[in-house]
Amino acid sequence: MAASGARFSTSFARRVVTDSCRGLFFLSVFLSFTSSIFLSLYIAYTSKLQIHPALTRVYVNPLLEYSRINPQTTVRAASHQNLNTSSVVSQVPTEVVGNRGNISIGVEIPSSPPSVSRGDLDRQLPERIVQVSSTGGNDKNGDVFHDRSLFMEEYKEMKRSLKIYAYPHKKNDPFANVLLPVESEPGGNYASESYFKKALFKSRFLTDDPSEADLFYLPFSIAGLRHDKRVGVGGIQSFIRNYIRNISLSYPYWNRSGGADHFYVSCHSVGRSAMEKAVEVKLNAIQVVCSSSYFLAGYVSHKDASIPQIWPRKGKPPTRLPSERKTLAFYAGAMNSRVREFLVKVWENDSEISVHHTRLKTPYSEALLGSKYCIHAKGFEVNTARIADALYYGCVPVVLADHYDLPYADILNWNSFSVVVSTIDIPMLKKILQEISYNEYLRLQSNVMRVQQHFQWHHLPVDFDAFHMVMYELWLRRSHVRTVLQC
């Protein structure tokens, strides 16, 4: 009887231990599952691109705003060698500018600013904006950078040490037209792809020694392949697959990292599906693309990077006083998405929001210059050149493209110079824009002027232009790649 009781006790104890272990296991699974859900919801809620419009307002520090527009504000410039005074290069510290001239810029803020009328603001704002360093003052959330000091420090180090190895091809290569930089000046909607390649091949970032390279550049052009009659849209996927196979057999660099330290650049919309037969490129390599939608499986935010779609324009950007911009918001373009159709349907008869379902017969530039806000509505893809168009003409972008990983999102504080609105809030668009105070609008517009330089391509790269901003995005990912390879 005692033995039976002992066996029962032992059996019971084992069951208790087993059930406890099972309970702890299922409890841990449950807690992990709920934690994952909570984390996902938190990330989605706090995402820069999905913040509700009501939460994206930019607070204006009256004292800081006055310091930028008051006639008593002093701006000191010791030298302007090769410096366009309307450029925002004056933002950067002297040690970063390098051979572009020694610049010393400061602002004196009076202790008690007098009242300033709206007319005074308008008359004095433009020339003051472009000359005063946009440090953001004490209003850190109003700065155009997430962390200006960190960016400046790392930008300097990037220019000093970043090295890129581009797989070499000769001019007599059968596909030299898609593998080498174009000789002509790039143009059109997809020019960013060609401009980047031309700039890289002229820059000091390029190295002939692969052993010192941080990253490896896959130089094929998606736009070039699309227009090549031997390839076309239907043959791009096979071309990419064969190209990766060839470099993996001819060089050791792809195989040693699985492509994690490789990148390619594409701005054409067909680039979204170009890697379907080379999945390792999509999953491992850094994709620097215009169609940067984190809603799609092919784009991985923070591994991949968004490059701005820019229609090239030469010369100094035109300016227009804020008080002379009479239209509240403007949009014109083809009806190639439900978002655009919905936008036009809701606002086509409005007197303050000017939307058009076709291209304008009058100058497009005049409409942009005459509007306070310029609407970016997605077409076939989340990206169009309209954001860069708006910035070039000093118009505050209104972004209506959901799931758009905006260009330089790791660097720039988009809430400081744009208005991000969910597409479901299109019927509320007028109310949202009208609720932005005049001072807030001035702040947004002044920051538009400050970020213009980051959305421009040049025949020869210029500090802080589109090329260098993309290179900085690659610099950030290079650090991640090294961490992954070490693990």
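## A walk through the predicted model

Both F145 and F151 are buried, where buried means under 20% relative accessible area, exposed over 50% and partly exposed in between, with a 1.4 Å probe and protein chains only. This is a predicted model, in which local features need pLDDT of at least 70 and side-chain atom pairs count only at pLDDT 80 or more, while totals for chains, interfaces and linings use all residues. Residues are numbered from 1 along each chain as its sequence is written, and side-chain values use heavy atoms, with hydrogens and water left out.

Let us stay with the aromatic rings for a moment. Rings of Phe, Tyr and Trp (its six-membered ring) pair if their centres lie within 6.5 Å; planes under 30 degrees apart count as stacked, over 60 as edge-to-face and the rest as tilted. A search of the whole structure finds 28 aromatic pairs. In one of them, the ring centres of F145 and F151 are 4.7 Å apart and the planes lie at 20 degrees, so this pair is stacked. F220 and Y264 have ring centres 5.6 Å apart and planes at 35 degrees, so their pair is tilted.

Now for the overall picture. The protein has 17 helices and 10 strands; helices (H or I, at least four residues) and strands (E, at least two) are DSSP runs, numbered from the N terminus. Of its 487 residues, 51% count as buried. Among contacts (heavy atoms within 4.5 Å) between residues at least 6 apart in sequence, 74% join residues at least 24 apart.

Next come the strands, which pair if DSSP finds at least two bridges between them. Strands of a sheet pair through backbone hydrogen bonds, either parallel or antiparallel. Here, an open sheet of 5 strands runs in the order β1-β2-β3-β4-β5, with parallel pairing. Its edge strands are β1 (164–166) and β5 (305–306), each of which pairs on one side only. Between β1 and strand β2 (residues 215–217) there are 3 bridges in the parallel sense, and Y165 has F216 in β2 as its bridge partner.

Strand β6 (residues 327–332) pairs with β8 in the parallel sense over 3 bridges, and F330 has C374 in β8 as its bridge partner. Strand β9 (residues 396–399) pairs with β8 in the parallel sense too, over 4 bridges, with Y373 opposite V396 in β9. From β8 the chain crosses through helix α14 (residues 386–392) to β9 in a right-handed β-α-β crossover; right-handed means that, with the strands pointing away from the viewer, the path from the first strand over the helix to the second runs clockwise.
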